[in-house]
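Visitor: I would like to learn how to read packing and pairing features from a set of coordinates. Could you walk me through one example?

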Amino acid sequence: RFLVFAIFLVITTNVGAQSLAWVIFTDKKDVCYDGSIANPDFYDLPLHADYVDAVRPHSQKILGESRWNNAIAVKATPAQLIKIRQLSCVEKVQLFDKKEIITTFKTKAKKNRKKELLTLAQHQTARLGMAYFQEAGFTGKNIRIAVIDGGFPRVDTHSAFRHVRPNIVKTYDFTKNRAPVWSGVSHGTEVLSNIAGFSDSLNVPLGLAPDAEFLLAITEVRGEPFSEEISWTRAVEWAYDNGAKIVSSSLGYHKQRYFPEDMNGEISMVARTARIAARKGMIIVNAAGNEGVARWKKIITPADADSVLAVGGIDPKTELHIDFSSYGPSTDGRVKPDICADGTTVVARPNKGYMRVSGTSFATPLITGFVACAWQAQPQLSNIELMDAIRASGELYPYFDYAHGYGVPNAAYFTGKKPETQKSFDFVDTGDTIKIVIKEAHRELLGKSNIYRLFYHFENNRKQLTDYVVIDVFQPVALCFTKQDLRTTKYLRVHFLGYTETYEIQ
């Protein structure tokens, strides 16, 4: 094993070149604990100081540490990494490429007429049922959210955040190791506005949780991208230490560092960190990615983690999957994205005013605000129970696919006002064909100005999706399949007008 590792270092790096790596230690035996956290678990304990000191002489620089992952990040030459690997306190060394990474956001900063912006801004919150939360008085109050991003310029002065500023508890720039965060890329400003902002010029809220508390962290830089994953990991631990219940992360890592098969929630350090955060009671809300029209196409990490709410985007015009939103599933077959929200939104412009933007980056903070209000509404739920409830509140649930997940969640689910669902169709097996026939009571809806969509997917005998489709319904017999069409299908699942049923193919 050592020989393979040594050869790998030699053939993949230049002699004397510096590599970036996580050094993961074997244990935390006999560490000294300062008592800052009551009832600490393994993850709370600090790193073993002797282990860190053992690595230090064999590295160019220690870039950061993660007590949750029992690891430090180092910059070192290949020869130094070989020596580090030989230390008895080191479990493994995980190398990382220094190529540039791409985060999930894509911004379309285009001018729009006020009426168009107003319509879009109203839709982004109404689609999630914000009125139900408002009527019940749920605004995210006393729920602490950490926003991890690239910068928050003008959050300290923009009118959209006038009511938010008193609730900003703490800030930290992990790229410069200092407290102020009012510089950097404006993406964080835009994201925060879709959690809690209010447009004074449009007189509408831009997010669902105006009364939440906030921790703001910068982790994104240009020039040495590996440090972004180090900073993200440190920021999540910092958020936990400072009382955050939710982390909003419109960031992610993919093709420049990983292969598609790595998107299983196990490989990347950020995915592993997200899983630890869930064990400690937090909810990570993460963008699924903007790879839907790119060669990669799939979700990115840490959205691949099983305990992360991965957020996809829908087009506000069609209310279906927006083209750039990344597709699931995770490579081990789990439903991803989990849920969706508008992928085109109105945000606070960093200098002044408001603008239209697109990306799963902006669907993510809308869901973050939703999670805060839902947790305020049902504080007795654990983080895992709440995530399950949010999936169950999706408009498609229990139907799912790999473009929409369980669909857009609705606040009515958490306020006791979700309407009862009526059976809207029947499966009719004629022996040679299977038809999906709309029930008589619902046929009068067909052919009118409204569009009524039917979702269906095929599952094999291992309960894996082999295909999924959305169609518009205009006639009583919505679908008709021959048994030959379904020869490789074990289950046909259909969703129409809020009702889902699964038919087992005999």
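This is a predicted model: local features need pLDDT of at least 70, side-chain atom pairs count only at pLDDT 80 or more; totals for chains, interfaces and linings use all residues.

Visitor: Let's begin with helices. How is a pair of packed helices described?

Guide: Two packed helices are described by the angle between their axes and the distance between the axes. Here, take helix H6 (residues 187–196) and helix H9 (residues 360–377): their axes come within 7 Å and cross at roughly 40°. That angle makes H6 oblique to H9. As for handedness, H6 passes H9 in a right-handed crossing.

Visitor: Which residues make the contact between H6 and H9?

Guide: From H6 come His 187, Glu 190, Val 191, Asn 194 and Ile 195, while H9 contributes Ser 361, Phe 362, Pro 365, Leu 366, Thr 368 and Gly 369.

Visitor: Now for charges. What is the general idea there?

Guide: Side chains of opposite charge can pair when their charged atoms come close. In this model, a search of the whole structure finds 24 salt bridges. One of them joins Asp 41 to Lys 280, with the closest N and O atoms 3.0 Å apart.

Visitor: Where in the chain do Asp 41 and Lys 280 lie?

Guide: Asp 41 sits in the loop between strand E1 (19–25) and helix H2 (49–55), and Lys 280 in the loop between helix H8 (269–279) and strand E12 (283–287), so the pair ties together parts that are 239 residues apart in sequence. Asp 41 is partly exposed at 30% relative accessible area, whereas Lys 280 is buried at 13%.

Visitor: What other salt bridge does Lys 280 form?

Guide: The side chain of Lys 280 also meets that of Asp 44 in a salt bridge, at 3.0 Å from N to O. This pair links distant parts of the chain too, with Lys 280 in the loop between H8 and E12 and Asp 44 in the loop between E1 and H2, 236 residues apart. Asp 44 is buried, with a relative accessible area of 5%.

Visitor: How far apart are the closest N and O atoms of Asp 241 and Arg 67?

Guide: Those two form a salt bridge whose closest N and O atoms are 2.4 Å apart. Asp 241 belongs to helix H7 (residues 226–241) and Arg 67 to the loop between strand E2 (61–66) and strand E3 (71–76), so parts 174 residues apart in sequence are tied together. Asp 241 is partly exposed, at 43% relative accessible area, and Arg 67 is buried, at 14%. Salt bridges also link Lys 336, Asp 338, Asp 388 and Arg 391 in a network.

Visitor: Is Asn 70, with its positive phi, buried or exposed?

Guide: Asn 70 is buried, with a relative accessible area of 3%. Its phi is about 55° although it is not a glycine, and Asn 70 lies in the loop between E2 and E3. Arg 154 also has a positive phi, about 75°, and is partly exposed, with a relative accessible area of 42%.

Technical notes
Residues are numbered from 1 along each chain as its sequence is written. Side-chain values use heavy atoms; hydrogens and water are left out. Axes are lines fitted to C-alpha atoms, for helices over the stretch in contact, and angles run from 0 to 180 degrees between N-to-C directions. Helices (H or I, at least four residues) and strands (E, at least two) are DSSP runs, numbered from the N terminus. Angles under 35 degrees count as roughly parallel, over 145 as roughly antiparallel, 65 to 115 as roughly perpendicular and the rest as oblique. A crossing is left-handed if the near helix is turned anticlockwise from the far one by less than a right angle, and right-handed if clockwise. Contact means heavy atoms within 4.5 Å. A salt bridge is a side-chain nitrogen of Lys or Arg within 4 Å of a carboxyl oxygen of Asp or Glu. Buried means under 20% relative accessible area, exposed over 50%, partly exposed in between (1.4 Å probe, protein chains only).
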